[in-house]
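This report concerns selected local features of one protein model. Please consult the sequence and the coordinates alongside the text.

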Amino acid sequence: WSVRPLLTAVRIAKGQVDPKTEPYKSMILVAPDHIESGTGRLLDTQTAADQRAISGKYIFAKGDIVYSKIRPYLRKAILAKFDGLCSADMYPLRTATDVAAGYMLAVILGQRFSKYAESVSVRSGMPKINRAELAEYYFALPPTKSEQEAIAEALNDVDNLLESLEQLIAKKRHLKKGAMQELLTGKKRLPGFGNGKLMWKHTEVGISPEDWAAVRLSEVAEKITVGFVGSMAHLFRTQGVPLLRGQNVLPHKLNLNEMKYISIETHKQWKKSSLNPGDIVMVRVGYPGTSCVIPPNFGPVNAASLVVVRPSWHKLDAKYLCYVLNSDFGKNQIDSYLIGGAQQVLNTNTAAMFSFLLPPSKDEQTAIATVLCEMDAEITAIEEKLTKARQLKQGMMQDLLNGKIRLV
């Protein structure tokens, strides 16, 4: 392999054109915010006329690399599939005849170049890499164009896998959203529930099956309270009783990465906010209303500045309620209740007012929650595959771009 300066492998276009005149105003204009960070994907295509561009732009050709020189830590670059224009915040890079464009895109999106670009860009107020700094960067180049193309193709195959997994996740989330809208409103009944003849009625939260009820949270909860509010940093311990805070609550699950602890003595003093398995915790500030259920065998545990709901066990399935709270319907209703200015807060009084549709039996609530839980589990499994595939790509890029793995 040879070690070459970057600007011997690519040439930066010079000169600008007027996007207000033809043929330029009818060409696609690419700006940094049209490119996805780190993936090499173009997210949006609009002409210069559509974007009402007036200042000078650079021309690029199909097969050129278009690289955003501002905020290089975002790693924004594409391999152009058409002739077009790019903003002055971008460099159109045309590869030398002995260099594969796909390989150079991998170099530019790679960790080593990105770290270099970040390090030199911090010299100015707006992070930006200039031509002189690009000229100082050296990289390793395989001896033949065919080997460069093989590396680019291998990485492109992984990119295609990543994109297919992302599309599958988006599809599954869309299906789940539709299922929630139908199941949580009774528009669709699961087998074994309902008499098969749907009769409807009007309620304060919309149309519902005749045998469902519109209830307030206060009607189906044994307790609605708030976790400890106030100065508590001096009470934190390196171990002891877990203390859940807003950042620990995600939709339907706990985030245990930023856990704080309190002593068993403090936990006993804060009896009001002591949590039991099956309790629901709701975020008060930040993403108000975001909710999850305390899982079995998780305790003792306490809550700080969270709304704590203890459902009446014979009336309400906690997971069912969480799906309602985390749905678009739930978020919109909670948003309408919030108090405060810049820092909006969910309090216990407004939480108690939350109204929703409730199936007549707890068994039906549990069945609905189970279906949605299974859909969540399927999405989580695909997300884990996606995470592993991204890690695989990072490792492949490092090994392929420095020659540790040879493909030809």
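The paragraphs below treat a helix pair, a residue in a further helix, and backbone features in loops.

The model is predicted, so local features need pLDDT of at least 70 and side-chain atom pairs count only at pLDDT 80 or more, while totals for chains, interfaces and linings use all residues. Residues are numbered from 1 along each chain as its sequence is written, and side-chain values use heavy atoms, with hydrogens and water left out.

**Helices H2 and H5**

Helices (H or I, at least four residues) and strands (E, at least two) are DSSP runs, numbered from the N terminus. Helix H2 spans residues 101-109 and helix H5 residues 145-183; their axes come within 7 Å and cross at roughly 60 degrees. These axes are lines fitted to C-alpha atoms over the stretch in contact, with angles from 0 to 180 degrees between N-to-C directions. H2 and H5 are therefore oblique to each other; angles under 35 degrees count as roughly parallel, over 145 as roughly antiparallel, 65 to 115 as roughly perpendicular and the rest as oblique.

On the H2 side, the contact (heavy atoms within 4.5 Å) is made by Gly102, Tyr103 and Ala106. H5 contributes Gln148, Ile151, Ala152 and Leu155. Five of the residues in this contact are nonpolar, two are polar and none is charged. In this grouping, Ala, Val, Leu, Ile, Met, Phe, Trp, Tyr, Cys and Pro are nonpolar, Asp, Glu, Lys and Arg are charged, and the others, Gly among them, are polar.

H2 is mostly covered, with eight of its nine residues buried. Buried means under 20% relative accessible area, exposed over 50%, and partly exposed in between (1.4 Å probe, protein chains only). Among the buried residues of H2 are Tyr103 and Ala106, both of which also take part in the contact with H5.

**Thr350**

Thr350 lies in helix H9 (residues 348-353) and is buried, at a relative accessible area of 11%.

**Backbone features in loops**

Most residues other than glycine have a negative phi, and most peptide bonds are trans.

| Residue | Phi | Loop |
|---|---|---|
| Arg75 | about 50 degrees | between strand E6 (65-68) and strand E7 (77-79) |

Ser305 counts as partly exposed, at 24% relative accessibility. The peptide bond from Glu22 to Pro23 is cis, with omega near 5 degrees, and Pro23 sits in the loop between strand E2 (10-12) and strand E3 (28-30).
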